[in-house]
Amino acid sequence: MAVGTHMPSWVETGFAVYQKRLLSTCTLQLIEVRAGQRYKNQPKSTWITQEEENLLAALPKHTRLVALDERGQSWTTAQLAQQLQDWRLEGRPVSFLIGGADGLGTQCLKQAEHIWSLSALTLPHPLVRVVLIEQIYRAFSLLNGHPYHRE
């Protein structure tokens with residue numbers, strides 16, 4: 001799940017490439033929610049709250065929530081692969097939350113079972129979509145013994 005509905009074509013293309021590669025491994029759906037309305041002289045918290053409400057309202061029932069945040073825990077590819085394997089065995093859907101340009105709200109972070117950092121760097125939220133799906137593909141490649149991931 002991601003904030004933002006009008007991504008550049010390179011984001012949509014990059015996401016689609018890895019989504020197609022994952023078809024035989026897992027079902028991965030991108031749910032986009034509208035970004036908060038930004039007005040001059042309005043506090044940032046106002047639009048973050050709007051985005052947070054949009055994300056939480058769109059969550060599938062009984063999902064495991066993983067919030068992406070630069071202050072979260074970093075995982076190696078092997079650790080991500082193990083997480084994905086464990087989650088798949090539990091049979092519960094997983095939702096990765098990607099915030100908007102100003103990140104996720106506090107309620108999203110509080111409700112998350114895991115807070116994961118893709119990088120200590122601040123990444124633009126459109127790029128996070130591509131990095132996330134590539135890392136999921138890489139982790140499943142590792143689990144399946146596919147040569148895409150090289151150690």
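**Salt bridges and a buried alanine**

Q: Starting with Arg71, is that residue buried or exposed?
A: Arg71 counts as exposed, at 63% relative accessibility. Bear in mind that this is a predicted model.

Q: Fine. Which residue does Arg71 meet in a salt bridge?
A: The partner is Asp69, with N to O at 2.7 Å.

Q: And Asp69, buried or exposed?
A: Asp69 counts as buried, because its relative accessibility is 9% and the cut-off for buried is under 20%.

Q: Let's do Arg64 then. How far apart are the closest N and O atoms in its bridge with Glu90?
A: They sit 2.0 Å apart.

Q: Where do Glu90 and Arg64 lie?
A: Glu90 belongs to helix H3, which covers residues 77-90, and Arg64 to strand S3, residues 64-74. The two are 26 residues apart in sequence, so this bridge ties together separate parts of the chain.

Q: Is Arg64 buried or exposed?
A: Buried: its relative accessibility is 6%.

Q: What about the salt bridge between Arg64 and Glu113?
A: Those side chains meet at 2.7 Å, N to O. Here the link is between strand S3, where Arg64 is, and the loop between helix H4 (106-111) and strand S5 (114-117), which holds Glu113.

Q: How accessible is Glu113?
A: Glu113 has a relative accessible area of 38%, so it is partly exposed.

Q: Changing topic: where is Ala2 found?
A: In strand S1, residues 2-3.

Q: Buried or exposed?
A: Ala2 is buried, with a relative accessible area of 0%.

Q: What is Ala2 in contact with, leaving aside neighbours within four places in sequence?
A: Leu30, Ile31, Glu32 and Val33, plus Leu55, Ile98 and Arg129.

Q: What's the C-alpha separation between Ala2 and Leu109?
A: It's 14 Å, for two residues that are 107 apart along the chain.

Note on methods
Residues numbered from 1 in each chain as written. Predicted model: local features only at pLDDT ≥ 70, side-chain atom pairs only at ≥ 80, totals over all residues. Heavy atoms only, no water. Helix = DSSP H or I, 4+ residues; strand = E, 2+ residues; numbered from the N terminus. Buried < 20%, exposed > 50% of the residue type's maximum accessible area, 1.4 Å probe, protein only. Contact = heavy atoms within 4.5 Å. Salt bridge = Lys/Arg side-chain N within 4 Å of Asp/Glu carboxyl O.
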